[in-house]
Number of protein chains: 2
Amino acid sequence: MSIAEGADDGGPASAGGCTPGAAVGELGEEALLAAFTPLLPQAEQEVVPSGDDCAVVAAPDGRFCVSTDVLVQGEHFRTDWSTARDIGARAAAQNLADIAAMGAHPTALVVSLVLPRTTPVAWVQDLARGFADACRGTGAGVVGGDLSVGERVVIAVTVHGDLGGRRPVLRSGARAGDVVVHVGTLGRSAAGLALLQAGLDDRAGGSGEAAATARTGIASECIAVYRAPSPPLSAGPALADAGATAMLDVSDGLLRDAGRIARASGVVVEIAEPDDAPGAGRVGLSADLAALEPVAGMLREDAAAARALARQWVLTGGEDHGLLATFAPTAVRELPTSARVIGAVRARRVGEEAGVLLGGRVPEQLGWDHFRA
Amino acid sequence: MSIAEGADDGGPASAGGCTPGAAVGELGEEALLAAFTPLLPQAEQEVVPSGDDCAVVAAPDGRFCVSTDVLVQGEHFRTDWSTARDIGARAAAQNLADIAAMGAHPTALVVSLVLPRTTPVAWVQDLARGFADACRGTGAGVVGGDLSVGERVVIAVTVHGDLGGRRPVLRSGARAGDVVVHVGTLGRSAAGLALLQAGLDDRAGGSGEAAATARTGIASECIAVYRAPSPPLSAGPALADAGATAMLDVSDGLLRDAGRIARASGVVVEIAEPDDAPGAGRVGLSADLAALEPVAGMLREDAAAARALARQWVLTGGEDHGLLATFAPTAVRELPTSARVIGAVRARRVGEEAGVLLGGRVPEQLGWDHFRA
């Protein structure tokens with residue numbers, strides 16, 4: 001299948017803003033590599049650079065963290081909604097967030113690309129620029145990769161990090177009595193996706209009030225987070241140093257990911273209802289809910305329906321890649337100011353399973369599962 | 001596109017030997033993970049296992065080697081020619097070979113899988129068994145991964161290795177006066193692919209003399225190497241310890257990969273013609289050529305044409321993943337007995353570019369380039 005025959009997703013050939021240039025199928029592999037590798041971010045810890053059988057990366061800690069995430073055209077991104085630069089930044093950012101969630105600093109990425117032969121070389125160059133955007137200031141860079149042809153774009157990223165002597169912060173360390181903390185945004189990516197699905201693209205021309213609103217303020221911010229999230233990477237090691245007992249990045253929705261900490265730790269994680277009045281030191285989820293209600297209002301006329309939609313985004317929307325962590329109550333005063341307390345950890349009662357509760361009840365919806373059709 | 005509508009490649013749904021079982025789209029992600037992760041090989045150097053945001057792997061050397069390779073259904077494998085177990089073993093083996101080619105021992109792999117929703121769970125389980133086959137005895141295991149749905153199977157593997165204090169053996173270290181050495185087989189994978197393309201599948205029933213021959217001896221061995229190569233992994237660190245000045249694994253053909261050492265080192269690599277009578281200590285490529293001539297004879301009636309085809313497989317066929325290395329002449333007596341001298345390195349003459357020569361001449365054909373259509 002050539003891109004020109006593409007289905008609902010227009011494919012890279014239709015990406016806006018590229019000079020048409022050559023297609024990757026017109027170049028040999030070495031010429032293609034020469035066209036985009038200079039645009040990739042450099043790793044500070046690189047000992048032997050890309051171009052040999054392996055890269056060699058320093059691991060001064062004597063251990064390294066490693067994680068991998070794959071993005072598939074049509075499943076994780078659409079090239080008519082996101083530029084190559086957005087997609088590259090997103091692919092890097094969601095991987096970098098996994099390193100932060102262990103309490104580590106990212107050092108090196110390797111990237112496998114599957115590209116249709118008709119993909120413009122300029123599209124691949126923009127993808128490389130997106131990786132550079134996401135890695136800027138982190139010290140991490142792309143140290144290796146592989147190229148193949150295929151019908152759809154697939155981007156498989158493996159990321160590495162250095163713990164700097166820290167104990168890795170696992171999902172399994174939450175203890176009864178801990179507080180639950182979140183750093184970053186919740187629901188923005190889900191809201192941005194919903195706007196794009198409704199045809200409200202802040203980059204498209206479009207007329208009418210809704211289209212104009214999509215180009216401004218919080219709506220545009222949500223679309224930007226959907227296209228390329230900005231996880232709070234430096235908060236990962238900071239939360240680890242502040243004593244995080246468990247941590248992960250929220251990729252599949254707050255409730256689903258909180259449930260993962262609960263089950264791994266054998267405890268109950270109670271998330272406070274966004275509507276609950278915040279108590280002393282409890283900012284909770286109300287700020288996220290309040291920010292997203294106007295965005296939901298662009299898609300639901302009824303105020304109650306809009307509030308329900310915003311609530312769903314906050315509780316079950318993934319891919320903002322904020323950090324969810326637990327702390328002993330005494331550690332809370334050491335937390336970065338960006339950390340918000342959103343719940344508490346308690347022991348299981350007799351006969352009760354480990355899991356997540358919302359406002360004291362089992363939540364109806366959890367969030368995203370990649371495999372159920 | 002569902003697998004049932006698949007094109008020339010029947011897709012995993014048609015893979016033989018599996019009980020039909022459930023399809024991956026019928027399971028949630030966690031149930032699918034539970035079905036195959038116990039079958040994956042365990043890593044000896046694993047500090048924090050898969051299941052958290054990252055795995056943590058020991059890097060006792062203070063550095064780690066990393067490389068990545070992606071396999072795409074229809075481009076790198078066909079599910080009607082290879083079982084899932086073959087494909088898993090191949091994906092692992094070609095990655096492990098990159099670690100060996102640096103002079104390192106493999107420690108950990110991460111695997112991103114893109115699967116059609118209709119893929120049988122049993123197929124994924126067999127894929128995991130193939131990874132276990134390839135990693136057996138190496139100490140390496142699968143420490144993490146990611147799953148996504150997509151129209152075609154994509155397997156992106158990232159592999160890590162430990163140098164154990166060794167200097168990494170790069171492509172750029174070959175010096176004038178060095179000898180060129182190969183360990184492993186050449187041309188077997190290309191011959192196996194050619195047999196399958198000609199309809200001579202040793203696992204298929206088939207009648208007639210050629211089909212019967214495909215099921216025996218060297219022909220069957222070639223098909224086995226195509227399906228899942230067995231790179232000489234332990235030879236990598238052994239060659240490094242013996243003083244290899246440059247090394248890589250032959251993935252794209254002897255001449256193309258020898259040219260990479262030549263250009264990276266700024267020298268001329270002269271490969272001896274397979275037909276040349278071996279001199280003292282020079283076994284050369286004649287053994288590979290002699291082994292493959294009967295296989296080529298199954299595809300070409302004319303003896304000269306068969307010999308030319310076998311020669312092409314030996315010189316330009318990739319994916320046996322043997323090790324190509326250079327050594328100072330004094331080091332040759334230290335080499336493992338499996339090492340064969342196949343050429344020599346000399347300085348460039350005035351006006352001459354770095355590159356590979358075959359029997360003193362610029363070769364007409366080099367080998368495989370993934371991107372040219």
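Because the model is predicted, local features need pLDDT of at least 70 and side-chain atom pairs count only at pLDDT 80 or more, while totals for chains, interfaces and linings use all residues. Residues are numbered from 1 along each chain as its sequence is written, chains are lettered from A and ligands numbered from 1 in the order in which they are written, and side-chain values use heavy atoms, with hydrogens and water left out.

The interface comes first. Chain B contributes 70 residues and chain A 71 residues to the contact, where contact means heavy atoms within 4.5 Å. The two chains bury about 5,600 Å² between them, 57% of it on carbon and sulfur atoms; buried area is the accessible area (1.4 Å probe) that two parts lose on being put together, summed over both. Between chain B and chain A there are 10 salt bridges, a salt bridge being a side-chain nitrogen of Lys or Arg within 4 Å of a carboxyl oxygen of Asp or Glu. One of them joins the side chains of B:R171 and A:D52, at 3.9 Å from N to O. On the side of chain B that touches chain A, strand β3 (residues 63–72) of chain B gives the most, with nine residues. By class, that side of chain B has 36 nonpolar, 14 polar and 20 charged residues. Here Ala, Val, Leu, Ile, Met, Phe, Trp, Tyr, Cys and Pro count as nonpolar, Asp, Glu, Lys and Arg as charged, and the others, Gly among them, as polar.

Next come the annotated residues. An unreviewed UniProt entry places a "binding site" annotation on A:D53, A:S67 and A:D98, and "binding site" in the unreviewed entry also covers A:G145, A:D146, A:R171 and A:S251. UniProt positions are given in the numbering used here, feature names are shortened, and annotations may be inferred rather than shown by experiment.

A:D53 sits in the loop between β1 (46–48) and β2 (55–58) of chain A; helices (H or I, at least four residues) and strands (E, at least two) are DSSP runs, numbered from the N terminus. A:D53 is buried because its relative accessible area is 4%, buried meaning under 20%, exposed over 50% and partly exposed in between (1.4 Å probe, protein chains only). Leaving aside neighbours within four places in sequence, A:D53 is in contact with B:S67, B:D98, B:A101, B:M102, B:R171, B:M247, B:L248 and B:D249.

A:S67 belongs to strand β3 (residues 63–72) of chain A and, at 7% relative accessibility, counts as buried. Residues up to four places away in sequence aside, A:S67 touches A:N95, A:D98, A:V157, A:T158, A:V159, B:D53 and B:C54. Its side chain makes a polar contact with that of A:D98, at 3.4 Å.

A:R171 lies in the loop between β6 (154–162) and β7 (179–183) of chain A and is buried, with a relative accessible area of 15%. Beyond its neighbours within four places in sequence, its contacts include A:M247 and A:R260, together with B:G51, B:D52 and B:D53. A:S251, in the loop between β8 (246–249) and α8 (254–265) of chain A, is partly exposed because its relative accessible area is 22%.

A:R63 pairs with A:D61 in a salt bridge, the closest N and O atoms being 2.6 Å apart, and both residues are buried. A:E221 forms a salt bridge with A:R188 at 2.9 Å between the closest N and O atoms. This pair links distant parts of the chain, 33 residues apart: A:E221 is in helix α6 (residues 217–227) and A:R188 in helix α4 (residues 188–197) of chain A. A:E221 is partly exposed at 35% relative accessibility, whereas A:R188 is buried at 10%. Finally, a network of salt bridges links A:E30 with B:D252, B:D257, B:R260 and B:R263.

Terms used. Polar contact = N/O pair within 3.5 Å; in protein donor to acceptor, adjacent residues only side chain to side chain.
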